[in-house]
Amino acid sequence: MNTRFARRFALGVSFLSLAFTTGAARPSAGEDAKKPIITVYKDPGCGCCKSWIEHLLKHGYRVDAKDTPDMIGIKRTLGIPEGLSACHTAIVNGYLIEGHVPAADIARLLKEKPKVAGLAVPGMPMGSPGMEGPRAQHYQVLSFDRAGKTKIFASY
């Protein structure tokens, strides 16, 4: 087994373990009112990722931010469909969150618990959380399954 393959394999196992562990974590009785921890993988120099994290914090989520230069590897390991890719990837209660998904849509996902892999806002649309500015564009939040099939979850 070559060293590069061994490192990638270990990285993949670590991310999958984290995804399953994060999904299995339940708040204790004293934490019922608190929202879950969202683990966010981001490039260390990305400003919009930091802004999206601030959006989550303002909406009561707890965030565990993980800086990494290998976002492509993380997305591939976690199973983010290629056409849905954005700048950061998150995991919350076993669901994948890709890109600038509004906190309200994450809350709805966690409440309704649909049988999907997660939510995505492909690209970096202006006006989405973390991408605020002088102009806004229309965008959609998509739910997706492990095969990459999408449905519109919300439109803005």
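Predicted model: local features only at pLDDT ≥ 70, side-chain atom pairs only at ≥ 80, totals over all residues.
View 1. A nonpolar core here is a set of buried Ala, Val, Leu, Ile, Met, Phe, Trp, Tyr and Cys residues joined through side-chain atoms within 4.5 Å; buried means under 20% relative accessible area, with a 1.4 Å probe and protein chains only. Helices (H or I, at least four residues) and strands (E, at least two) are DSSP runs, numbered from the N terminus.

**View 2. Around Ile106.** Which residues is Ile106 in contact with, leaving aside neighbours within four places in sequence? They are Ile38, Trp52, Leu56, Tyr61, Val92, Ile97, Val101 and Leu119, where contact means heavy atoms within 4.5 Å.

**View 3. Cysteines without a bridge.** A disulfide is a covalent bond between the sulfur atoms of two cysteines; the search criterion is a pair of cysteine sulfur atoms within 2.5 Å. Across the whole structure, zero are found. Cys46 is in no disulfide, and its nearest cysteine sulfur, that of Cys49, is 3.1 Å away. Cys46 counts as buried, at 16% relative accessibility. Cys87 has its closest cysteine sulfur in Cys48, at 3.5 Å, which is too far for a bond. Cys87 is buried too, with a relative accessible area of 14%.

**View 4. The fold and its surface.** Four helices and seven strands make up the pattern, which reads α-β-α-β-α-β-β-α-β-β-β along the sequence. Of the 156 residues, 42% count as buried. The accessible surface (Shrake-Rupley, 1.4 Å probe) is about 8,600 Å², with 57% belonging to carbon and sulfur atoms.

**View 5. Confidence, and a stretch to read with care.** The average pLDDT, the predictor's confidence in each residue from 0 to 100, is 84, and 79% of the residues score at least 70. Over residues 1–32 the pLDDT is below 50; this stretch has 26 contacts in the model beyond near neighbours in sequence.

**Notes for all views.** Residues are numbered from 1 along each chain as its sequence is written, and side-chain values use heavy atoms, leaving out hydrogens and water. Local features need pLDDT of at least 70 and side-chain atom pairs count only at pLDDT 80 or more, while totals for chains, interfaces and linings use all residues.

How values were computed: Buried < 20%, exposed > 50% of the residue type's maximum accessible area, 1.4 Å probe, protein only.
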